[in-house]
Each structure stands twice: as C-alpha cells, then as structure tokens.
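Hello,

Here is the structure I promised to pass on. Please have a look, and my notes follow below.

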Amino acid sequence: MPTNDTDHEMPPARVDHVGIAVADIDDAEATLFALGCDRVYRETVSDETFEWATYVLGDASRLELIAPVHGESFLTAYLDENGPGLHHVTLEVVDIDAAITALEAAGERVVGYAVEDGWTEAFVSPQNPTGALFQLMEYHDDYSDKGDDDALFVHGEPLKNR
C-alpha cells in the first residue's frame, strides 16, 4: 500500500465544496433551494465567460453552481461534451504550495496555478485514477470581504495549520 513521502507531506486539507456545471444558474438553483440550500454568493468572472454561485446546506455542506455567460470557455466545452453535472471537488488547503509539492512528489499532475481575488488555486488533473478534477484552494485574508464568515467558510472559518 503506497504511503505519503514524509519529506513532502500533504498539509491540512478539507472538502470545501462540490462544483456542479449547469447551463443556467437561475434554473438550477431551484433544485438546491428545494433541497434546503441557501445562496451565499454569486459572481460573474471578469471576462464574463462564466458565473458561479455558492450555497450552504446545514452547518458545513457547500455546493457551487457554475454556468456559462458569454462566448466559448472551458465550461461550454465541458457542458457540450458531458452535459450538466459534477464538475469538480474543491479542497481547501492551508498551504497551496506545500500541497502542490506533496502531490507532485506522489506523482500527481497539478495544473492551472492562479492567484485570484480572494484565493489561490491549482487543479489536480482529472487524468488520475479517480477521474475527478480536484481544485486546490487556499483562501486569502480578504476573501471574508465577500460575505458572512459563517456562510463563506466551512464551520465559519478558514482551515488553519494544526
């Protein structure tokens, strides 16, 4: 059974949310509302190719809807090929650079490193044995400017080093 390389240990991480690709957020969120979710935040990205909205269910479950807005993007290609459904699983990490080092040491392919407004992200390619796209995300201090901490973060606060 493979074990972690102790020189490159994965820092603390947890599931932050599951991302669901949809054609239209307004249509899709009706299902989330019926399930008991509350919308926390909605934003269109700066190039206006897609928008995303975050929802909470209970005290720790979080879902995200992502939908195309204008033009072609990774999302329109994804929906054309796969239709609506699970797109990614986001893992909040306390140190994204250490997480990338640990994953690459374990032979995983990490792509798409980007510093965004409120977080830094990278992705574990879905060309892995799980077939899942994992988004790694480290929150910046200013992310809490987007709303109420109890809704923005799992259990109301960002993950911390243990």
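A pocket here is an open set of points on a 1 Å grid over the protein atoms alone, where a 1.4 Å probe fits, with protein on both sides within 12 Å along at least five of seven lines; lining residues have an atom within 4 Å of a point. Grid points are joined across faces, edges and corners, and a volume is the space filled by probe spheres set on the points. The largest pocket holds about 810 Å³ of space. It is lined by 32 residues, and Phe 50, Phe 74, Glu 121, Phe 123 and Gln 135 are the closest to its centre. Strand 5 gives the largest share of that lining, 4 residues (strands are DSSP runs of E, at least two residues, and helices of H or I, at least four, numbered from the N terminus).

This is a predicted model: local features need pLDDT of at least 70 and side-chain atom pairs pLDDT 80 or more, while totals for chains, interfaces and linings use all residues. Residues are numbered from 1 along each chain as its sequence is written, and side-chain values use heavy atoms, without hydrogens and water.

Now the fold. Eight strands form an open sheet in the order 2-3-4-1-5-8-7-6, with mixed pairing (two strands pair if DSSP finds at least two bridges between them). Strand 2 (38-44) and strand 6 (110-115) stand at the edges with a single partner strand each, so one side of each has no neighbour in the sheet. Strand 2 pairs with strand 3 in the antiparallel sense over 6 bridges, and Asp 38 has Val 56 in strand 3 as its bridge partner.

Best wishes
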